[in-house]
Amino acid sequence: MENRYLFKARSVGNRKWVYGSLVQFANESYIVTISEDVHTVVFTKVDSSTICQCMEFKDEDDNLVWANDIVSTISSDPTGELICKDNIIVNPKDHRLMFSLEFSNELRVIGNIFDDIKLCGKSSK
């Protein structure tokens with residue numbers, strides 16, 4: 001599957017991340033995957049507020065970068081007030097470098113807005 005069509009979201013059942021194609025109907029969202037061991041299509045109901053699309057590039061550790069990820073440049077201190085730029089959460093002083101794809105090998109995913117509330121400057125409820 002090409003990365004630009006890849007999505008991830010939290011499963012409604014166990015809150016784990018699931019990866020695959022996004023299907024939405026009847027006001028519900030599903031991530032669709034193909035089970036390789038039994039060759040069947042699997043629909044997993046997901047929390048629509050956690051849907052993230054792959055941003056089509058990888059960080060310095062060869063991890064895909066997703067919408068709603070918090071990224072920093074390798075040489076940067078990841079603390080400080082963060083802003084959202086093109087669906088990725090960034091440190092403002094790094095945003096020019098971070099969105100130049102020739103420098104994507106200098107990016108590091110340090111979290112995401114769903115798992116790392118403290119990095120976003122929000123308090124957990």
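Student: How many helices and strands does the protein chain have?
Tutor: The protein chain has one helix and 10 strands. Keep in mind that this is a predicted model.

Student: Which pattern do they follow along the sequence?
Tutor: Reading along the sequence gives β-β-β-β-β-β-β-β-β-α-β.

Student: What share of the residues counts as buried?
Tutor: Of the 125 residues in the protein chain, 37% are buried.

Student: OK, sheets. In what order do the six strands of the open sheet come?
Tutor: The order is β4-β3-β2-β1-β5-β6, and the pairing is antiparallel.

Student: Which strands stand at the edges?
Tutor: β4 and β6 do. Each has a single partner strand, so one side of each has no neighbour in the sheet.

Student: By how much are neighbouring strands turned against each other?
Tutor: By 50° on average, with direction ignored.

Student: What joins β1 to β5?
Tutor: Two bridges, with the strands running antiparallel. β5 covers residues 52-58. F7 stands opposite Q53 in β5, and K8 stands opposite C52 in β5.

Student: And β5 to β6, how many bridges there?
Tutor: Two bridges again join that antiparallel pair. K58 has L64 in β6 as its bridge partner.

Student: Which residue takes a positive phi in that hairpin?
Tutor: D62, with a phi near 70°. The hairpin has five residues between the strands.

Student: Back to K8. Is that lysine buried or exposed?
Tutor: K8 lies in strand β1, residues 7-10, and is buried.

Student: Which side chain of opposite charge is nearest to K8?
Tutor: D69, at 4.2 Å. The salt-bridge cut-off is 4 Å, and K8 has no salt bridge.

Student: What else does K8 touch?
Tutor: Leaving out residues up to four places away in sequence, K8 touches W17, V18, Y19, I31, T50, I51, C52, W66, D69 and N112.

Student: New topic: aromatics. How many aromatic pairs does a search of the whole structure find?
Tutor: Four. One of them is Y30 with F43, an edge-to-face pair. Their rings are 6.3 Å apart centre to centre, with 75° between the planes.

Student: Where in the chain do those two sit?
Tutor: Y30 is in strand β3, residues 28-35, and F43 is in strand β4. They are 13 residues apart, and the pair links distant parts of the chain.

Student: Which rings make up the cluster?
Tutor: Ring pairs link F25, Y30 and F43.

Student: Y30, buried or exposed?
Tutor: Y30 is buried, because its relative accessible area is 14%, and the cut-off for buried is under 20%.

Student: What is the relative accessible area of F43?
Tutor: F43 comes out at 48%, so F43 counts as partly exposed. F43 lies in β4, residues 40-46, and β4 is an edge strand of the sheet.

Student: Which residues does F43 touch?
Tutor: Y30, I31 and V32, not counting residues up to four places away in sequence.

Conventions:
Residues numbered from 1 in each chain as written. Predicted model: local features only at pLDDT ≥ 70, side-chain atom pairs only at ≥ 80, totals over all residues. Heavy atoms only, no water. Helix = DSSP H or I, 4+ residues; strand = E, 2+ residues; numbered from the N terminus. Buried < 20%, exposed > 50% of the residue type's maximum accessible area, 1.4 Å probe, protein only. Contact = heavy atoms within 4.5 Å. Lys, Arg positive; Asp, Glu negative; His and termini not counted. Pairing = 2+ DSSP bridges. Axes fitted to C-alpha atoms, helices over the stretch in contact; angles between N-to-C directions. Phe/Tyr/Trp six-rings, centres within 6.5 Å; stacked < 30°, edge-to-face > 60°.
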